[in-house]
Amino acid sequence: MNDLNLLRKAKDDIDLATKLVSDERQHDNVGYHLAQAVEKILKFMLEQRRIGYLKSSRGHNLRILLGQLKTSSQHFDKYERLLDLDVYQSNIRYDYLPQNERADLKLMLEEIYELLKEVETLEKI
């Protein structure tokens, strides 16, 4: 997948999550799409910096991806809260996420919009 396709696919995930974020029944699905958006944005940034990332299951771990990105820039420290979305990538495939483990997805969505805007500004897109 080329770099810009990663960003386009991330926007698709964000658009879907935006449409469903107010539907409580879709909470886990929204969390999954937000996690996918963050993963794709981080991978886009890594590719722009020519930093390789794992293609295995560990390559889906937001903490690992952000850690790799931070080796070239501490600029993204402020987005560490988005790492809470990692739980939506694995735990929700077969069961619902317990209420006490749920993230505030509306807040996460706002932060993802900020991240996307910042990335587009940095990369002049």
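**Reading the core and the cavity**

The largest nonpolar core of this predicted model has 38 residues, and L34, I41, L85 and L105 have the most contacts inside it.

Q: Which helices each supply at least two residues of this core?
A: They are α1 (3-20), α2, α3, α4 (87-90) and α5 (105-122). The largest share comes from α2, with ten residues.

Q: How do I look for empty space inside?
A: Rolling a probe the size of a water molecule over the atoms shows where empty space is left. In this structure, the count is one cavity of 30 Å³ or more. The largest cavity holds about 50 Å³ of space.

Q: Which residues line the largest cavity?
A: The lining consists of V38, L42, L62, L66, F76, Y79, L82, L83 and L115. By class, nine are nonpolar, none polar and none charged. Both α2 (27-48) and α3 (62-70) supply at least two residues of this lining.

Q: What is the secondary structure of the chain?
A: It has five helices and zero strands. From the N terminus the order is α-α-α-α-α.

Q: Why does the radius of gyration agree with a compact globule?
A: Compare the chain with the rule for its length. A compact globule of 125 residues would have a radius near 14 Å, and the chain has 14 Å, so the two agree. Buried residues make up 46% of the chain.

Conventions. Residues are numbered from 1 along each chain as its sequence is written. This is a predicted model: local features need pLDDT of at least 70, side-chain atom pairs count only at pLDDT 80 or more; totals for chains, interfaces and linings use all residues. Side-chain values use heavy atoms; hydrogens and water are left out. On a 1 Å grid over the protein atoms alone, a cavity is a set of points where a 1.4 Å probe fits but cannot get out, and a pocket is an open set with protein on both sides within 12 Å along at least five of seven lines; lining residues have an atom within 4 Å of a point. Grid points are joined across faces, edges and corners, and a volume is the space filled by probe spheres set on the points. Helices (H or I, at least four residues) and strands (E, at least two) are DSSP runs, numbered from the N terminus. Ala, Val, Leu, Ile, Met, Phe, Trp, Tyr, Cys and Pro count as nonpolar, Asp, Glu, Lys and Arg as charged, and the others, Gly among them, as polar. A nonpolar core is a set of buried Ala, Val, Leu, Ile, Met, Phe, Trp, Tyr and Cys residues joined through side-chain atoms within 4.5 Å. Buried means under 20% relative accessible area, exposed over 50%, partly exposed in between (1.4 Å probe, protein chains only). The radius of gyration is taken over C-alpha atoms; the globule rule is 2.2 Å times the number of residues to the power 0.38.
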